[in-house]
Amino acid sequence: MRATREEDMARTLSAMPRPMSSLPEVLNDAAKRPRVVDDCLKLVDDEVSDKGGLSGLAIKAGFAAVKSVKPGFIRGAVEALLPDFSQALDPVYQEAKRDNAPLRAHFVKNAGRVADALLTITDARAAKSPHGVVKGAYDKLRGTAKKNVEAAVPRLGALIEKHAS
């Protein structure tokens with residue numbers, strides 16, 4: 001029995017490579033988003049708690065001050081930043097997918113780019129914040145922010161790898 005034109009077309013379309021999903025599509029998918037946000041909150045908590053020394057004390061104090069703005073402030077910030085963060089990190093994500101590179105390793109290899117992309121967004125958001133406590137804490141910690149964000153990239157890469165699979 002000969003295949004119909006529609007069957008031939010369906011077979012052809014199914015054989016074509018599918019476009020790679022974008023990082024915003026992956027991380028902002030309604031079914032995954034609550035787990036992504038929870039994992040982001042854990043990442044932030046783990047990074048802050050791992051900090052030591054005098055700079056660690058400053059980071060912990062700043063984080064406590066920001067958390068005290070209102071209950072759920074950090075969760076709200078993560079939820080608000082996730083779309084912009086995922087868009088900013090999409091080029092690094094697409095490179096990893098294109099090169100069939102492990103996501104975590106590719107993010108670590110590009111830690112400086114990842115940090116710059118995220119800090120560009122947080123700089124703009126902090127400047128617009130109506131909360132003086134948030135602005136003050138951000139301004140005090142901004143000088144060491146790139147180093148601290150780069151240190152978080154292995155966990156961030158693992159988080160993305162987990163949700164992209």
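**Entry 1: H7 and H9**

H7 and H9 are roughly perpendicular to each other, because their angle falls in the class that runs from 65 to 115 degrees. This is a predicted model, in which local features need pLDDT of at least 70 and side-chain atom pairs count only at pLDDT 80 or more, while totals for chains, interfaces and linings use all residues. Residues are numbered from 1 along each chain as its sequence is written, and side-chain values use heavy atoms, with hydrogens and water left out.

I looked up the angle of H7 and H9 and found about 115°, with the axes 8 Å apart. Axes here are lines fitted to C-alpha atoms, for helices over the stretch in contact, and angles run from 0 to 180 degrees between N-to-C directions. Helices are DSSP runs (H or I, at least four residues), numbered from the N terminus. The crossing of H7 and H9 is right-handed, a word used if the near helix is turned clockwise from the far one by less than a right angle, with left-handed for anticlockwise.

Next I listed who meets whom: H7 brings residues including Val114, Leu118 and Leu119, and H9 brings residues including Val149, Val153 and Leu156. Contact means heavy atoms within 4.5 Å. By class I noted 9 nonpolar, 1 polar and 3 charged residues in the contact of H7 with H9. Nonpolar covers Ala, Val, Leu, Ile, Met, Phe, Trp, Tyr, Cys and Pro, charged covers Asp, Glu, Lys and Arg, and the others, Gly among them, are polar.

**Entry 2: H5 and H7**

I turned to H5 and H7, which pack at an angle of about 160° with their axes 10 Å apart. That makes H5 roughly antiparallel to H7 (over 145 degrees). H5 passes H7 in a right-handed crossing. Among the residues in this contact are Leu81, Phe85 and Leu89 of H5 and Leu118, Ile121 and Thr122 of H7.

**Entry 3: H3 and H4**

The axes of H3 and H4 come within 9 Å and cross at roughly 140°. H3 passes H4 in a left-handed crossing. Val44, Asp45, Val48 and Ser49 of H3 meet Ile59, Lys60, Phe63 and Lys67 of H4.

**Entry 4: the largest pocket**

Which residues lie nearest the centre of the largest pocket? I found Val44, Leu81, Phe85, Thr122 and Tyr138, out of 46 lining residues. H5 gives the largest share of the lining, 11 residues. By class, the lining has 32 nonpolar, 9 polar and 5 charged residues. A pocket is an open set of points on a 1 Å grid over the protein atoms alone where a 1.4 Å probe fits, with protein on both sides within 12 Å along at least five of seven lines, and lining residues have an atom within 4 Å of a point.

Methods:
Helix = DSSP H or I, 4+ residues; strand = E, 2+ residues; numbered from the N terminus. Parallel < 35°, antiparallel > 145°, perpendicular 65-115°, else oblique.
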